[in-house]
Amino acid sequence: MSAGPSHAGFTPPGPEPPSGPGHSAARRGRSSIEEALLAIALLPLDLPRADLRDRLLRAVHCAYLAIDSQVITAAHLDGLIEAAAMARESRALLERAGDPAFSDPLRRAVAHLAEAEAAMLQGAEAVRQIHLARRTEVISGPAAGALRARPMRASVGLPELHAPARLVLLPHVSLESGDPPRASAAAPVTLATPRTLAELEAFAADAFSGALAERLAGQDRDEPTPAPAGEAPYAPFEPAVEEVQLLRDIGRDCLEDLAAGRSLRKPNAMETWLDQEPFEQRLLDNLDAFAALGGSVLPLVSLFHAEAKAPDPERAFAVALTLGCIEGSDTVGAAVMTLKQSAPEEYPGWMEGFWLAPSPAIDVAMADLTTSARPEHVALALDVLHARGQTPDHVVEALLERPEPKIAARVARALATALPRRDAIETLERICGTTEDDDLFLAAVASLLQRGGGAAVHLLRRAVDAPTSDARRRRALPLLCLVGRVSDLDRLLAAAHDAPTAPILRGLGRYGHVESLGTLLDFLRREDVEVVAAAAEALDRITGAGLREIIEEPWEVELPPEAAAAGGIPVPLRKVERVVTDPARWSAWMHEEARRLDARLRTRGGVPFSPMQIVNEIEAKSTPPDRREEAALELAVLTGIPSLFSPHDWVARQKKHLAELRAHVATIAFTPGGWASGAAGGSRGSSDVPARPLPIQAPAAPRSQPGTSHLPAFLPHGPVLPFKSPSEAPAHPPAVERDAGDTRRSPPPGAPTGVTATPQVGSPFGSTLMAPPQVARNPLPFQPASPSRAASQEGVASLSRPSAPPLPPPAPEPLSAAATPAPTSGPISRLTLAQYASLCAELAVSPRQSEAIFERYGLVSHHDRLAVDKAWQERLSRVPDEHRSWQGLYQHYQAYWADQARRGGAR
């Protein structure tokens, strides 16, 4: 065995598997035959089960010969023809056993075999035409034989794809029915096979004389004819018994170690993710040792799973990983067939094994499995494809209309990378606006954030402000903390006061607003241990105070039932380092140190936030696995960087993915302390449809909060999505995107009209979404030196593409009630297009000055303001040219008013 480079990632190590009419027909036929085998196992009839199993497994064997061979080989055509013959013979045996009309499993088995026969014959006819056209290229050869072997390579860090010398591997299938068999009126009669010429002559004489018919008529059909004794099974070679037994013993030891390795490679409470590398290498060594034993031990893998007395995810993991490390579609097919016969409790083990295995045949097999009628199998296949980063677009398209919740949620998750961006965003927005399933909604919103859909943040706000269910609200809050803007502080603090939970408080820590420190400090005085620990973690994440203490806590040890029932066993303690939860120590630290924190910036670890801090958190040895998952999700939704990183992957592959992420994040232009995000805000990539002003509708009833006040909401317009061409860009684009509003694309046709942006702060304009209640925040134990909240809402630079600083824009035209009206009548004539864009931009930059701003524009009454806004929105939705002009003017004036705010200009 020689060491060599491992296959990195999920790129197939060799050429793509052959594809043609015969290959697709063989895959369809093999799938139908396997479904027929599963249906036969449910038949409570007296059947020649061993004969049926052997015939159908022979058909599977022939199908694999066609799948793994080129179309111009004779074995390719022979495999299709023989597989069709085996399916036809098996169907005839089943039809003799009973009437399919009176047995649903029998009807399904017969139908599956008919489908397999038709698919194989159709493929064989297409291959014949190819052979006729390319008859000088046809490669002759036997239809059976050993697969080509390759030299062994040692697995170092990642599993190698081995190719030992072996025959085609057939799955282990049990056709024994759980119900007692009952006799059938058409039960077949088995006769002893003539072995000599004399026996054959006697058999023919009895048939001509009628003696054979009389013997059959008097035979008891309930007693099967015993098989001749001493008949050895067919095999191409017969190794020594001692050698076979030794190889099987060694192979079984390897499989047991592989099953145990599933748990060993997961870090416990005292280990880091880097500590798992030795356990993983031990697992890989067992994989190599098993593959080195050769093809004679491969059938032992399925038997190892079948002998379990109860569902065992560890054995399922061992089967999937082992067979997924042996080259060939037959090994993966045998694992999938074993999966179809296993209990749902084993599915997590199957998923992990298929995910971590290197065989490219797994991607093809999982794509085929998505056509299954069983939703749990489709869901598992989608999980494997998603983890491997190999979800094809055609699979997602075919499953878009599947109504099963398990499938729909995974399809929504796959849309984070599958399908063109425009189609994916439209589909995700439609799902978010119509579904009542919380899992589906959260999966769709997360994918929408990663695709840069601007409506995602608004959808999260709506789920928080006017939730369809409390469960959705609780689950949406941590996600909103990851992508929320500076104006979401009141909304998040109100939610934390309503129902404080550990995920929400940890989310506040990732949100990173300095003005939340007082609230988090107050939560340290609660009695809930989880809430206190989460509040302390959030305080440390924001401030980077480094307040730690060594404590002793119980070590949760799983005891066997008899030991747990005995009682009196002392619980072991362990010393661990935890964040300080003493409110007095945190209050003292804030008195001395918190003045240096700037409330205008998103803060993490005491410094302005940047995405590189997330990468550092994932790489840190001290980060627990669940926090690494949170950090990976935060990085994905904030930056939109596609990555296959998972904290449960091979350690070697995690290091590779983290190095790629670090290099990618380093190229992102980002102003430290920014609130908005490129992916979540829709600024990543190009837009398919230019943005348009969002509709303003009547306000919903606000959520009341004792001791707080509520202001009606103003819905800001912008910033817009990136322009499609330089001609559409404004003359002086702003340098960076700012927290003046939120981006969203035009809703798809038929989408619900209620999917709109969430209001930012109070103004006389109404909205379908209420503003967050102004929570009475707990004061900090110091006088903040940072500017006011209004200044913090002026916007801080966020993730964006680098661009040159803008030229100083000219001052807007004089704005007053007497300004030159637009060439229209009605409410829209009160303001010109430029004035309306300037009003929207100024309100977004300085929302607390809304009353003074409206008065300068001549809009004194609430009725006038709402009428003008509604009229301009209707006009811009009808006139695309004016809409594009409004986009450019809005960004132009937004940059101007933001610059005036920074310079301290008068409003």
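Arg 628 lies over the face of Trp 273, 4.2 Å from the ring centre; a charge counts as sitting over a ring if NZ of Lys or CZ of Arg is within 6 Å of the ring centre and within 35 degrees of the ring normal. This is a predicted model, where local features need pLDDT of at least 70 and side-chain atom pairs count only at pLDDT 80 or more, while totals for chains, interfaces and linings use all residues. Residues are numbered from 1 along each chain as its sequence is written, and side-chain values use heavy atoms, with hydrogens and water left out.

**Charge over a ring**
- Another case is Arg 265, whose charged end sits over the ring of Trp 650, 5.2 Å from its centre.

**Salt bridges**
- The structure holds 56 salt bridges (a side-chain nitrogen of Lys or Arg within 4 Å of a carboxyl oxygen of Asp or Glu).
- One of them joins Arg 510 and Glu 634, with the closest N and O atoms 2.9 Å apart.
- Arg 510 lies in helix H22 (residues 502-511) and Glu 634 in helix H28 (residues 625-639), so this pair ties together parts that are 124 residues apart in sequence; helices (H or I, at least four residues) and strands (E, at least two) are DSSP runs, numbered from the N terminus.
- Both ends are tucked away: Arg 510 is buried at 2% relative accessible area, and Glu 634 is buried at 0%. Here, buried means under 20% relative accessible area, exposed over 50%, and partly exposed in between (1.4 Å probe, protein chains only).
- Arg 510 and Glu 634 also belong to a network of salt bridges, whose members include Arg 506, Glu 537, Arg 541 and Glu 630.
- Glu 593 and Arg 596 meet in a salt bridge at 3.8 Å, N to O; Glu 593 is partly exposed at 36%, and so is Arg 596 at 48%.
- Arg 884 pairs with Asp 881 at 2.3 Å between the closest N and O atoms. The two are three residues apart in helix H34 (residues 880-902), about one helical turn.

**Aromatic pairs**
- A search of the whole structure finds six aromatic pairs: rings of Phe, Tyr and Trp (its six-membered ring) with centres within 6.5 Å, called stacked if the planes are under 30 degrees apart, edge-to-face if over 60, and tilted for the rest.
- Phe 609 and Phe 670 have ring centres 6.1 Å apart and planes at 90°, so they are edge-to-face.
- Phe 609 is buried at 2%, and Phe 670 is buried at 18%.
- Tyr 836 and Trp 872 are stacked, because their centres are 5.6 Å apart and their planes at 15°.
- Tyr 836 lies in helix H31 (residues 833-845) and Trp 872 in helix H33 (residues 862-878), so the pair links parts 36 residues apart in sequence.
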